[in-house]
Amino acid sequence: MVSIYGMDGSVAISHGAIEMGQGVNTKAAQVAAHILGVELESITVKPTISVVSPNNASTGGSLGSEAICYAVKVCCEELNKRLQPIKDKLGSSASWIEVCNAAYQQNINLNYTHMFTSRDDVKAYAIYGVAVTEVEIDVLTGQYHTRRVDILEDAGISISPEIDIGQVEGAFVMGLGYFTCEETVYKKETGQLLTNRTWNYKPPGAKDIPIDFRITLRKNAPNPTGVLRSKATGEPPFCLSCSVVLALRNAIESARKDSGKQDEVWFDFHPPSTGERIWLGCLTKKEMFKL
């Protein structure tokens with residue numbers, strides 16, 4: 001729901017998505033500012049209230065931001081239609097506040113709602129991305145550094161590039177933890193979860209973020225079936241973090257050759273790629289080290 005207040009021209013948005021750090025509120029405000037042609041500072045996003053926005057789907061699957069931005073776009077386009085006769089009458093020199101004041105005086109309804117559904121003009125599309133990852137492993141301990149990651153992500157014509165870059169970074173690091181350090185261990189006899197706290201279950205931390213982390217959004221790549229030619233970025237980059245496991249495998253393969261496994265075609269190494277698995281996979285022998 002989008003409301004324009006006739007006295008000061010401020011705009012309020014209420015929607016049914018949950019802001020969880022993915023920037024849906026910022027994107028909604030940016031779309032409204034773009035369509036209405038007003039300053040971003042004049043727009044506020046109100047807390048989610050089911051009385052105002054009932055019957056919502058869950059916020060997930062990278063759909064929340066797109067659904068909300070589309071609905072805001074529809075609302076603002078309808079409000080523009082209602083304001084157009086006022087703009088035509090006052091002329092191009094009239095300010096936004098003057099237009100809103102005149103609409104208020106003429107009892108024009110400056111509130112509109114739209115519910116995004118499968119009937120709306122947004123079709124399925126593919127999201128592309130590529131990642132190059134460089135790692136360095138310690139064959140004595142199994143510890144490793146992700147030295148550099150370069151990602152090229154297809155975000156269409158991004159609605160908010162800084163948010164989308166942050167989403168790519170966050171998704172990649174989340175996947176990095178999933179593929180490397182987050183291991184669940186159960187007691188064989190009872191099925192008891194042994195990795196039940198942060199002492200023994202390790203989500204990624206600040207030191208796990210790639211040392212040199214470079215994100216580039218694909219240029220001049222409009223998405224004809226998305227919202228304002230954009231594409232979702234919330235979850236797809238998660239898939240690119242498998243490149244960390246493949247890089248670790250290549251590093252371990254090099255270490256195994258140094259240990260004497262020159263003609264090896266295949267070795268078993270599967271995620272999560274914990275320090276223990278890396279150390280065991282390297283086949284490091286004490287005979288290989290001399291003072």
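# Notebook: strand, rings, charges, cysteines

**Entry 1. Phe-213.** I began with Phe-213, which lies in strand β7. Strands here are DSSP E runs of at least two residues and helices are H or I runs of at least four, numbered from the N terminus. The model is a predicted one, in which local features need pLDDT of at least 70 and side-chain atom pairs count only at pLDDT 80 or more, while totals for chains, interfaces and linings use all residues. Residues are numbered from 1 along each chain as its sequence is written, and side-chain values use heavy atoms, with hydrogens and water left out.

I looked up the cover of Phe-213 and found it buried, with a relative accessible area of 19%. I take buried as under 20% relative accessible area, exposed as over 50% and partly exposed as in between, with a 1.4 Å probe and protein chains only. I also noted Ile-151, which is 62 residues from Phe-213 in sequence and 8.3 Å away in space, C-alpha to C-alpha.

**Entry 2. Backbone.** I checked for exceptions, since most residues other than glycine have a negative phi and most peptide bonds are trans. The bond from Pro-271 to Pro-272 is cis, with omega near 5°. I placed Pro-272 in the loop between α5 (242–258) and α6 (275–281).

Ser-62 is not a glycine, yet has a positive phi of about 65°. I found Ser-62 in the loop between β3 (43–45) and α2 (64–90), and at 18% relative accessibility Ser-62 counts as buried. Leu-283 also has a positive phi, near 55°. Leu-283 lies in the segment after α6 and is partly exposed at 28% relative accessibility.

**Entry 3. Aromatic rings.** I counted 5 aromatic pairs in the structure. Rings of Phe, Tyr and Trp (its six-membered ring) pair if their centres lie within 6.5 Å; planes under 30 degrees apart count as stacked, over 60 as edge-to-face and the rest as tilted. One of the pairs is Tyr-178 with Phe-238, which is tilted, at 5.8 Å centre to centre and 55° between the planes. Tyr-178 is in helix α4 (residues 161–180) and Phe-238 in the loop between β7 (212–217) and α5, so this pair ties together parts 60 residues apart in sequence.

Phe-179 and Phe-238 make another tilted pair, with 6.4 Å between centres and 45° between planes. Here too the pair links distant parts of the chain, with Phe-179 in helix α4 and Phe-238 in the loop between β7 and α5, 59 residues apart. I noted that ring pairs link Tyr-178, Phe-179 and Phe-238 into a cluster. By accessibility, Tyr-178 is exposed at 52%, Phe-238 partly exposed at 24% and Phe-179 buried at 17%.

**Entry 4. Charges over rings.** I used this rule: NZ of Lys or CZ of Arg within 6 Å of the ring centre and within 35 degrees of the ring normal. The charged end of Lys-73 sits over the ring of Tyr-70, 5.7 Å from its centre. For Arg-249 over the ring of Trp-266, I noted 3.9 Å from the charged end to the ring centre.

**Entry 5. Salt bridges.** I counted 12 salt bridges, each a side-chain nitrogen of Lys or Arg within 4 Å of a carboxyl oxygen of Asp or Glu. Among them is Glu-78 with Arg-82, at 3.3 Å from N to O. These two are 4 residues apart in helix α2, about one helical turn.

Glu-136 and Arg-147 form a salt bridge with their closest N and O atoms 2.7 Å apart. Glu-136 is in strand β5 (residues 129–137) and Arg-147 in strand β6 (residues 144–153), so the pair ties together parts 11 residues apart in sequence.

I also looked up Arg-277 and Glu-183, whose closest N and O atoms are 3.2 Å apart in a salt bridge. That pair links distant parts of the chain, with Arg-277 in helix α6 and Glu-183 in the loop between α4 and β7, 94 residues apart. I noted one network in which salt bridges that share partners join Glu-134, Glu-136 and Arg-147.

**Entry 6. Cysteines.** I found 0 disulfides, the cut-off being a pair of cysteine sulfur atoms within 2.5 Å. The closest cysteine sulfur to that of Cys-69 is in Cys-76, 10 Å away and too far for a bond. Cys-69 is buried at 1% relative accessible area. For Cys-242 the closest cysteine sulfur is in Cys-239, at 7.5 Å, also too far for a bond. Cys-242 is partly exposed at 32% relative accessibility.
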